[in-house]
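I opened my notebook to look up pockets, charged contacts and ring pairs. Here is what I wrote down as I went.

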Amino acid sequence: MSDETFNGRVNDTVEVMSVESLAARILALPGVAMTRIEPESDMPDYTWGDCFFFAGADRMRPFATIVGHDIPGFDEQSRLNRPDTFRINLELGRDEFRRMFGFGPEELAAKRAEIDFAAEDVFVPHPAYGVQSWGSVVNPGPRTAAEIDRLAEYARERSLNRQS
C-alpha cells in the first residue's frame, strides 16, 4: 500500500484511507470539481469539512460526498461521531444498487435491521439516502478501495449523462 492511498492510521483492524487521499482520487477523474464546506461558514457546523463532488457544468447535484459528522435527528446510524471517522457516499442508481446489495432501494426499509451502517471498510446502503440509490462506506480501506474507484467513475458518468 502506498502513502498516496492510505494514511497508515489503523482504526481497530482496518487501515483507513485519509479524507485527503480519497478526495484526490475522486478529483483525478476527468471534469470533476469539489466544494468543501469551510469552518466558520454560514453552513451548520456539522457540515464543516464535508466535500461534495460534481461532474460537468451543472453543480446542482453531487455524485459523491465525503462527510465526517452525523446530522442530529436525521443521519446518525453510521456513528460518525467516533474519533477519526468519516464516510464516502456514492450515487449508484437503481441497477447498481440492486447488484451490490441484492435488493432494490425500495426494499431498504424492510432490510434496515439487518444492516450495520457503522461497519468500517464495507459497502452498505446509505442510511438516509439509500432509498434514492446511494451507497456508502465508513472509513474506507483496502477492502473497498478498488470498488470505490470503479463506482466513483460510474457515478461520475451517470451524473454527466443526466446533463446531456
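Pockets first, so I needed the rule: on a 1 Å grid over the protein atoms alone, a pocket is an open set of points with protein on both sides within 12 Å along at least five of seven lines, whereas a cavity is a set of points where a 1.4 Å probe fits but cannot get out. Lining residues have an atom within 4 Å of a point.

I noted that this is a predicted model, where local features need pLDDT of at least 70 and side-chain atom pairs count only at pLDDT 80 or more, while totals for chains, interfaces and linings use all residues. Residues are numbered from 1 along each chain as its sequence is written, and side-chain values use heavy atoms, with hydrogens and water left out.

**Entry 1: pockets**

I started with the second largest pocket, which is lined by 14 residues. Nearest its centre I found Val19, Val67, Gly68, Thr85 and Phe86. Its volume is about 170 Å³ (the space filled by probe spheres set on the points, with grid points joined across faces, edges and corners). Both α1 (19-27) and β5 supply at least two residues of this lining; helices (H or I, at least four residues) and strands (E, at least two) are DSSP runs, numbered from the N terminus.

I sorted that lining into 5 nonpolar, 4 polar and 5 charged residues. For the sorting, Ala, Val, Leu, Ile, Met, Phe, Trp, Tyr, Cys and Pro count as nonpolar, Asp, Glu, Lys and Arg as charged, and the others, Gly among them, as polar.

Then I turned to the largest pocket, with a volume of about 390 Å³. Of its 19 lining residues, Phe52, Thr65, Val67, Ile71 and Tyr129 are the closest to its centre. The elements giving two or more residues to this lining are β5 (64-67) and β6 (87-91).

**Entry 2: salt bridges**

How many salt bridges does a search of the whole structure find? I got 15, counting a side-chain nitrogen of Lys or Arg within 4 Å of a carboxyl oxygen of Asp or Glu.

I looked up Arg98, which bridges to Glu106 with the closest N and O atoms 2.7 Å apart. Arg98 also bridges to Glu107, at 3.4 Å. On accessibility, Arg98 is partly exposed at 39%, as are Glu106 at 47% and Glu107 at 30% (buried means under 20% relative accessible area, exposed over 50%, partly exposed in between, with a 1.4 Å probe and protein chains only).

Next came Arg156 and Glu153, a salt bridge with its closest N and O atoms 3.0 Å apart. The two sit 3 residues apart in helix α4 (residues 145-163), about one turn of the helix. Arg156 is buried at 6%, but Glu153 is partly exposed at 25%. Elsewhere, shared partners join Arg94, Arg98, Glu106 and Glu107 into one network of salt bridges.

**Entry 3: aromatic rings**

I counted 4 aromatic pairs. Rings of Phe, Tyr and Trp (its six-membered ring) pair if their centres lie within 6.5 Å; planes under 30 degrees apart count as stacked, over 60 as edge-to-face and the rest as tilted.

Why is the pair of Phe97 and Phe101 edge-to-face? Their planes are at 65 degrees, with the ring centres 4.8 Å apart. Phe97 and Phe101 are 4 residues apart in helix α2 (residues 94-101), so about one helical turn separates them. Phe97 is buried at 0%, and Phe101 is buried at 17%.
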